[in-house]
Amino acid sequence: MKNRFLFLLLIALLTFPPISSAQNPDRESFKEWVEKVTNRTSEGLSDTRHPNGSVIVGLDGRFQNVLLARQTPYGKVRIGCISDSAQADSFLDGVNDFSRYLFKTDIGTSDTKTAARDHGMSESEYIYYTKLIENYAERRSSLTNSTISIVNNDGAGEGFNDATPAAPEGGNNGATLGAQRLNVFNAAADIWESVLDTQIEIQIQSQFDPLFCTPTQGTLGSASATTIVRDFPGAIHPGTWYHLALAEKLAGQILVPNTSEMTATFNSNLNGSPGCLQSLRFYLGLDNANPQGTINLLVVILHEFGHGLGFSDFANANTGVLFNGFPDVFTTHMFDRTTGKFWNDMSDAERITSAINDGNVLWSGPSVASASGFLNAGRDGSNGFVQLYTPNPVEGGSSISHWDVDTFPNLLMEPDFTLALPLDLDLTKQQMRDVGWQRDTNKDGTPDAIVNVQPSGIAVAPGSQTMITWDNNGGFDQNVTIELSTDNGETYPTVVAEDVPNTGQQQFNVPNQFVARARVRIREEGYLDPAGASSPHFTIGDTFVGDRSYLDIDGDGKTDVGVFRPNPGALSDGPAPEGSTSQWWLLRSSDQGTRGLAFGNSSDTPVPADFTGDGKTDIAFWRPSTGQWFILRSEDDSFFAFPFGAPGDIPAPGDFDGDGKADPAVYRASSGTWFIVRSSDGGLTVIPFGVAADLPIVSDYDGDGMDDVAVYRAPDNQFWLFRSSEGIKAFQFGAAGDRTAVGDWTGDGKSDVAFFRPSEGNWYVIRSEDDSFFAFPWGVGTDTPAPGDYDGDGRFDPAVFRSSDNTWYIFGSTNGFQAVPFGVNGDIPLPNVYVVGS
């Protein structure tokens with residue numbers, strides 16, 4: 001049959017000694033058939049372009065994997081997977097045992113190890129599918145309308161319509177043989193629907209036909225996708241081939257009208273007849289039983305449907321050629337760590353080499369990476385990527401589209417047949433999520449989401465108990481895992497609760513330690529998404545520490561001493577834009593380590609902020625002459641640049657959308673307008689607020705975790721705040737010559753209006769709680785104010801840089817007085833860069 005990407009189960013039971021082609025003319029026709037179905041080229045297959053932009057190709061029966069078996073002199077059976085006629089001949093004639101992935105088995109024994117082998121899969125894979133069957137049995141009575149439908153393609157009196165009376169078997173109460181077969185197919189469809197959500201009906205054109213079968217060899221059946229598609233509406237990756245069922249799920253529409261998404265054909269002769277595979281028959285129960293002399297049809301169909309739904313690739317490992325010159329959704333996640341390249345970025349020659357780069361080609365999908373931590377071998381510890389099977393030489397039917405045999409503990413979908421594993425070690429369902437089968441419980445075309453995760457934007461007492469709460473969008477109701485981050489969401493190493501019912505709340509035993517920026521994440525158990533995290537963060541401590549921490553280079557919740565040196569000459573220990581001559585010097589509070597690097601020029605404006613959301617301030621500057629932003633990532637010291645703004649603008653970054661990342665923003669004084677690029681969605685926010693003489697003083701004045709647009713009007717000594725939650729507020733506070741020092745001086749999670757008066761060396765603060773003010777002396781008139789939270793207690797501390805002796809004088813609200821020699825005359829203290837005034 002045409003237009004199928006088949007994963008065929010074929011059993012050929014040949015008694016020892018092996019039978020040659022001369023002795024058995026059927027071997028010649030078999031060889032011709034293998035050459036046809038294992039063709040892994042696109043030669044002669046044509047593209048069909050549709051008005052919606054999609055490109056569709058029928059596979060015409062190619063790209064099949066064939067499972068063979070032969071009998072040994074000891075009455076055992078060996079089974080192996082082949083992909084060309086030469087391999088078939090070698091295996092069936094006993095020349096090559098393919099010992100890396102074959103096994104001995106007795107057909108029909110009752111233990112799971114041999115039952116798995118009877119069905120042509122690893123024991124862990126068999127356990128995975130039988131567990132799905134168990135779950136199906138528990139919820140069978142509650143099933144509603146299915147979106148995976150079996151289309152009966154049999155004629156009267158055959159296959160699904162066979163009227164032979166049948167006794168109930170394993171919960172299958174169909175009165176006839178045909179009805180029981182159809183019940184098994186429908187059960188397989190229902191089971192897969194419990195794992196994969198789609199709003200578009202998946203039709204599987206199915207039939208039982210009298211396929212080839214003799215006492216010594218025969219065909220079980222096949223299941224396949226009918227079509228592959230690329231460049232359809234909703235495709236996650238453009239120019240990438242997808243199986244039709246997955247493509248339609250992502251597109252939210254039928255892409256190929258009047259066409260079934262999959263097809264399945266199984267052998268009606270395999271029914272206990274002595275003339276077919278020595279009386280072997282399909283077991284038609286809806287449970288996990290494997291009676292003597294049977295093969296569990298439900299398990300086999302589950303496996304075959306899985307390949308047709310997305311666990312397969314379309315590349316040619318021998319030639320390196322991608323299908324019709326385009327990658328597929330499987331190769332998209334293949335990464336070669338030797339070359340540092342993804343398969344889609346390689347040339348054909350590079351893919352040929354990579355296909356035999358044993359142990360160094362990995363699956364890079366985020367869901368698999370997040371769930372792979374249990375592996376002791378076969379996993380890259382730096383990123384969680386898992387090794388794929390790429391032996392030298394290429395092993396057709398096994399290379400690329402299986403996990404590596406070196407993974408330990410062993411995994412489902414390895415090419416060899418491994419020992420049993422607990423179900424929660426399986427990575428197949430995560431791989432399906434990686435290729436695009438997103439959770440969509442109510443099947444409305446919108447992926448499920450977890451939102452409104454609390455606590456956020458508050459302080460919780462160390463050692464206390466608090467309630468974690470969240471909301472589920474899209475009807476999401478699967479069990480969840482709850483994790484704690486103590487580094488503002490960069491990592492989530494602490495499991496609060498694992499695999500718990502999705503009730504929307506969970507009691508939380510708060511660690512007995514101070515954490516400036518903590519977050520909790522709720523995610524579907526076993527997956528990376530759907531997931532939701534506290535936004536903004538919360539603080540484990542007495543007072544909330546806001547996101548706007550001036551110059552926290554090491555992410556420990558404390559402001560660090562640091563300077564920008566405009567004209568020192570070149571210095572760098574990392575990448576920098578060409579021609580960088582200005583220096584940044586940093587003193588980390590966490591370990592007192594220092595660092596110097598060249599980044600920018602004397603005419604640039606320093607704008608340090610956490611642009612990447614890892615809880616650490618990124619070194620950054622804005623170039624007034626071009627409106628370019630240059631940001632040095634704290635994670636890896638790589639930098640990126642982009643244009644935003646125009647000459648005459650004033651850069652004023654802040655986390656205006658509350659996602660934990662600073663947003664590039666400029667205040668255009670000529671029009672009194674703010675322009676903000678939201679990091680959460682890349683959208684532009686335009687806010688008219690201010691007049692020509694104003695200077696931006698961005699901070700979180702209402703404590704909602706989002707920075708607020710605000711200006712200081714120096715000629716009138718006025719502070720104007722446009723609070724995201726509480727609206728506009730204005731103060732007249734100060735006198736000519738004052739320098740702003742806004743920040744959370746009282747520790748209530750809200751920034752206070754404040755200034756430093758050089759003429760007196762005094763600081764003045766208006767409390768956000770009640771608008772009362774207080775004042776205190778710290779510094780002298782020639783000092784440069786550099787306020788910040790130097791002791792990490794959630795309250796701003798007065799600090800000055802005294803260029804006459806190159807010393808910082810800090811008075812911590814918890815740690816008290818510090819004098820820190822750091823810098824030279826002419827340096828600009830970095831905590832001062834957002835201080836403004838006349």
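A salt bridge here is a side-chain nitrogen of Lys or Arg within 4 Å of a carboxyl oxygen of Asp or Glu. With that in hand, welcome to these close-ups of a predicted model.

**View 1. Asp591 and Arg588 form a salt bridge.** The closest N and O atoms of this pair are 3.0 Å apart. Asp591 is partly exposed, with 47% relative accessible area.

**View 2. Four strands make up an open sheet.** Reading across, the order is β30-β29-β28-β51, and the pairing is antiparallel. At the edges lie β30 (594-598) and β51 (828-829), each of which pairs on one side only. Look next at β29 (residues 583-587), which is joined to β30 by five bridges, the two running antiparallel. Here you can find Trp585 standing opposite Gly596 in β30.

**View 3. Asp771 meets Lys729 through their side chains.** This salt bridge has an N to O distance of 2.9 Å. Asp771 sits in the loop between β45 (762-766) and β46 (773-777), while Lys729 belongs to strand β42 (residues 727-732), so the pair ties together parts that are 42 residues apart in sequence. Asp771 counts as partly exposed at 38% relative accessibility, and Lys729 is partly exposed with a relative accessible area of 24%.

**View 4. A salt bridge links Arg40 and Asp313.** The side chains meet at 3.5 Å, N to O. Arg40 is found in the loop between α1 (26-37) and β2 (48-49), and Asp313 in the loop between α7 and β15 (334-336), so this pair connects parts that are 273 residues apart in sequence. Asp313 counts as buried, because its relative accessibility is 3% and the cut-off for buried is under 20%. Across the whole structure, a search finds 27 salt bridges.

**View 5. Helix α6 (residues 244-251) is largely enclosed by the rest of the structure.** Eight of its eight residues are buried: Leu244, Ala245, Leu246, Ala247, Glu248, Lys249, Leu250 and Ala251. The elements covering these buried residues include β8 (202-209), β10 (228-230), β11 (242-243), α7 (297-309) and α10 (428-435). Just after the helix comes Gly252, with a positive phi of about 70°.

**View 6. Helices α5 (residues 177-195) and α7 cross one another.** Their axes come within 9 Å and cross at roughly 50°, which makes α5 oblique to α7. The crossing is right-handed. To trace the meeting place, start from the α5 side with Val184, Phe185, Ala187, Ala188, Ala189, Ile191 and Trp192. These meet Leu297, Leu298, Ile301, Leu302, Phe305, Gly306 and Leu309 in α7.

**View 7. Ser372 lies in a loop between α9 (366-371) and β18 (386-387).** With 0% relative accessibility, Ser372 counts as buried. Setting aside its neighbours within four places in sequence, Ser372 is in contact with Arg379, Gly384, Val386 and Leu427.

Methods. Residues numbered from 1 in each chain as written. Predicted model: local features only at pLDDT ≥ 70, side-chain atom pairs only at ≥ 80, totals over all residues. Heavy atoms only, no water. Pairing = 2+ DSSP bridges. Buried < 20%, exposed > 50% of the residue type's maximum accessible area, 1.4 Å probe, protein only. Contact = heavy atoms within 4.5 Å. Axes fitted to C-alpha atoms, helices over the stretch in contact; angles between N-to-C directions. Parallel < 35°, antiparallel > 145°, perpendicular 65-115°, else oblique. Left-handed = near helix turned anticlockwise from the far one by under 90°.
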